[in-house]
Amino acid sequence: MLLAEISSVAHQKNGSFHPIIMCGDFNSVPGSPLYSFIKDGKLNYEGLAIGKVSGQEQSSRGQRILSIPIWPPNLGISQNCVYEVQQVPKVEKTDSDPTQTQLDKTEVLETAEKLSSHLQHHFSLSSVYSHYFPDTGIPEVTTCHSRNAITVDYIFYSGEKKDVAGEPGTEVALVGGLKLLARLSLLTEEDLWTVNGLPNENNSSDHLPLLAKFRLEL
């Protein structure tokens, strides 16, 4: 639903899309099915247990398997994560035939697609953070409390055209792009436990803030 909403507001009349920034607590770890779907633009969820979507559950025993289709058809969202367009007769006056009836451009969904377990989206999104410190390979952490210390918060963005050429989703035309200039460094689990984890007297939340600086390329 989020991607369908983004598509509806980012889409321009000429068929291109504005650059996109999508951020927040996704409650999923790097490499999880949800994370991979956002980054790679595709997911086959057939037989996937609901607890496995976030990548935080080790065992799928006793968990419900995601239904096909994954959302009710009455939401009007296709497997491409965009809102379906209904066929609506449109009357336009022309010199040759003042009552000529035309149909708006439509996205017609076949029954087979509605029963498919394959989801996809057409945005080429990158993560501001790499999730591991390059020198040591130690995981970055965005939340740390008594149960675990993991990354679940992200800033995803659509990069410059030259940065995303050939990647999944680049068939959608983007106007310009976002160049990542800087980001606020994250910490390791060990770093956070030296200040008693999260929250603490310096940070009132159990999540660390994420911050990025971009330049818009027109």
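The mean pLDDT of this protein is 83, and 79% of the residues score at least 70; pLDDT is the predictor's confidence in each residue, from 0 to 100. This is a predicted model, so local features need pLDDT of at least 70 and side-chain atom pairs count only at pLDDT 80 or more, while totals for chains, interfaces and linings use all residues. Residues are numbered from 1 along each chain as its sequence is written, and side-chain values use heavy atoms, with hydrogens and water left out.

Two stretches need a caution. Over residues 98-114 pLDDT stays under 50, and the model has 36 contacts there beyond four places in sequence; a contact means heavy atoms within 4.5 Å. Over residues 163-173 pLDDT also stays under 50, with 18 contacts beyond four places in sequence. Where pLDDT is low, the predicted coordinates should not be read in detail.

Now the overall content. The protein has five helices and 11 strands. These are DSSP runs, numbered from the N terminus: helices are H or I with at least four residues, strands are E with at least two. Of the 218 residues, 36% are buried. Buried means under 20% relative accessible area, exposed means over 50%, and partly exposed lies in between, with a 1.4 Å probe and protein chains only. Among contacts with a separation of 6 or more, 64% are between residues 24 or more positions apart.

Next, the helices. In H1, residues 2-10, the buried residues are Leu3, Ala4, Ile6, Ser7 and Ala10. They sit on the same side of H1, because they cover an arc of only 160 degrees around the axis. The arc is that of the directions from the helix axis to the C-beta atoms. The buried residues of H1 pack against S1 and H2.

H2 spans residues 33-40, and its buried residues are Tyr35, Phe37 and Ile38. Viewed down the axis of H2, these fall within an arc of 160 degrees, so they line one face of the helix. What covers them? The cover includes H1, strand S1 (21-25), strand S2 (42-44), strand S5 (118-120), strand S6 (125-127) and strand S9 (153-158). After H2 comes Gly41, with a positive phi near 85 degrees.

Is Pro33 buried or partly exposed? Pro33 counts as partly exposed, because its relative accessibility is 22%. Leaving out residues up to four places away in sequence, Pro33 touches Leu43, Leu48, Lys52 and Val53. Pro33 and Asn44 are 11 residues apart in sequence, and their C-alpha atoms are 9.0 Å apart in space.

On to the sheet. Strands of a sheet pair through backbone hydrogen bonds, either parallel or antiparallel. Here there is an open sheet of three strands in the order S1-S9-S6, with antiparallel pairing; two strands pair if DSSP finds at least two bridges between them. S1 and S6 are at the edges with a single partner strand each, so one side of each has no neighbour in the sheet. From one strand to the next, the twist averages 25 degrees. Between S6 and S9, which run antiparallel, there are three bridges. Ser127 has Phe156 in S9 as its bridge partner. H2 packs on this sheet and touches S1, S6 and S9, and its direction makes about 125 degrees with that of S6. Axes are lines fitted to C-alpha atoms, for helices over the stretch in contact, and angles run from 0 to 180 degrees between N-to-C directions.

Last, the aromatic rings. Rings of Phe, Tyr and Trp (its six-membered ring) pair if their centres lie within 6.5 Å; planes under 30 degrees apart count as stacked, over 60 as edge-to-face and the rest as tilted. How many aromatic pairs does this rule give? The count is seven. Phe17 and Phe123 make an edge-to-face pair, 5.3 Å centre to centre with 85 degrees between the planes. Phe17 is in the loop between H1 and S1 and Phe123 in the loop between S5 and S6, so the pair links distant parts of the chain, 106 residues apart. Both Phe17 and Phe123 are buried.

Tyr157 and Phe214 make a tilted pair, 5.0 Å centre to centre with 55 degrees between the planes. This pair also links distant parts of the chain: Tyr157 is in strand S9 and Phe214 in strand S11 (residues 212-217), 57 residues apart. Tyr157 is buried at 11% relative accessibility, whereas Phe214 is partly exposed at 21%. Finally, Phe26, Tyr35, Tyr154 and Phe156 form one aromatic cluster.
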